[in-house]
Structure formats: C-alpha cells, structure tokens
Amino acid sequence: MATFHLHLPDARLVALAIHYHLGRPGSETDAATLQRHSLGLRPVLEALEPRLDVPAEPEVVPVDLSAYQLTRLGAALHGTVNELKQFGMADGRSAVPGFAEAFGRLFPDAATGDGLDALDLVPDAVGLRRRFADAVREAEAEVEAAREAAEAEAERQRRGLWGRVRERLGGLFGARRG
C-alpha cells in the first residue's frame, strides 16, 4: 500500500477520475470471475470524498492505494483527461453516468461558470497523470508479477494433482500387468 499526499485541487481531480472510472460499466468487475469486487477504486473514493467536503479544507489530503488501485487510477486519470475535454466542449454533458454531478460537486466554481471551466482543468489533470506515471508503471509491474506468480502456483498445483493421478493409475495398471 502506498500513500500519496495530494494538495486539495489534485485530490479533487483524483476523486473526479474515480467517478469517471466507476461510471464505466464493468469497472469494478473481476475479469476472472465476472463478479463485483472490492479491490478497485470505490473504497478509495469512499475514504477520500469526506475529506474534500470538510469546511476547513486541509492543505494536503493523504490517499492510500494498493498497487492494483494505482493501476486503475492511472487508467482513470487518462480517461478523465479526455472526458474533461469532451465535457467542456459539450457544454457540461457527459456520456459517463454520474460524471457531470461529480464535476459540479467537486468543482462548484466551474459548474456555475464563475471563471473556471472544465477545459481549464485539462492541463492540471495531464500534469497529475504525469506525476503518477512512474508509480503507475511500478504498480503495473508489481501487479503483473503477482499475476504471473499466481498462475505459476496454479500450474504447479495442477501438475501436482495430475502427477498424483498418473502415479495412482500407473500403479493400478502396473499391478495388473505383473
């Protein structure tokens, strides 16, 4: 688990990226079992959002992420950059469920048109994505190594089972020959 200390505007962008991620169908579905899982970004958002609404806004917001969550956040930030562009050019409309509402809550000045615009957030989102890039690459390597280790262990266990089956069958057939 890694802890990232984000300034409030960056923490708001992370929350928006998570809303973007969660709005996509299947984002929190385990690829192997096709069941919903709790390893994704929903728990991060549930921990993060209350800290963003505190009246005395904290200067720095800590965000704890597992390697898997960090890989998902990297993809979410990438998609959010594109969605912010589309959202800004489409006059505040989004095809991602919940994105417009989250944007309005997280960036009320932009939602009311008081200066800031969704397109103004694009450079900040790109910068945040770049700051996370090295950590995301390391997390992707860690997740891939864990996946390969799990596959190797499953293969070892499968071979072990078949080895025992062959041994027993060989013993049965060998005994009949003699």
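This is a predicted model: local features need pLDDT of at least 70, side-chain atom pairs count only at pLDDT 80 or more; totals for chains, interfaces and linings use all residues.
Figure 1. Read from the N terminus, the order of the elements is β-α-α-β-α-α-α-α. The chain has 178 residues, and 35% of them count as buried. Among contacts in the chain with a separation of 6 or more, 71% are between residues 24 or more positions apart. The chain exposes about 10900 Å², and 55% of this area comes from carbon and sulfur atoms.

**Figure 2. The buried residues of helix α2.** Helix α2 spans residues 42-52, and its buried residues include V44, L45, L48, E49 and L52. Why do they lie on the same side of α2? They cover an arc of only 115° around the axis, which puts them on that one side. As a general rule, an α-helix has 3.6 residues a turn, so residues three or four places apart point the same way. The buried residues of α2 pack against helix α1 (8-23), strand β2 (60-65), and helices α3 and α4.

**Figure 3. The largest nonpolar core.** The largest nonpolar core has 45 residues. Two or more residues of this core come from each of β1 (2-7), α1, α2, β2, α3, α4 and α6 (118-177). Which residues have the most contacts inside the core? They are L65, L73, L84, F103 and F132. In soluble globular proteins, nonpolar side chains tend to be buried together.

**Figure 4. The surroundings of F132.** F132 is one of the residues with the most contacts inside the largest nonpolar core. Leaving aside residues up to four places away in sequence, F132 touches F4, L6, V14, L65, L70, L73 and L77. Of these neighbours, L65 and L73 are also listed among the residues with the most contacts inside the core.

Figure 5. The structure holds 5 aromatic pairs. In one of them, the ring centres of F87 and F99 are 5.3 Å apart and the ring planes stand at 75°, so this pair is edge-to-face. The pair joins distant parts of the chain, with F87 in helix α3 (residues 67-89) and F99 in helix α4 (residues 99-106), 12 residues apart. Both F87 and F99 are buried. The rings of F103 and F107 have centres 5.7 Å apart and planes at 35°, so that pair is tilted. F103 and F107 are both buried. Which residues form one aromatic cluster? The members are Y20, F87, F99, F103 and F107.

Technical notes: Residues are numbered from 1 along each chain as its sequence is written. Side-chain values use heavy atoms; hydrogens and water are left out. Helices (H or I, at least four residues) and strands (E, at least two) are DSSP runs, numbered from the N terminus. Buried means under 20% relative accessible area, exposed over 50%, partly exposed in between (1.4 Å probe, protein chains only). Contact means heavy atoms within 4.5 Å. Accessible areas come from the Shrake-Rupley method with a 1.4 Å probe; for residues, only the protein chains shown count as cover. Rings of Phe, Tyr and Trp (its six-membered ring) pair if their centres lie within 6.5 Å; planes under 30 degrees apart count as stacked, over 60 as edge-to-face and the rest as tilted. The arc is that of the directions from the helix axis to the C-beta atoms. A nonpolar core is a set of buried Ala, Val, Leu, Ile, Met, Phe, Trp, Tyr and Cys residues joined through side-chain atoms within 4.5 Å.
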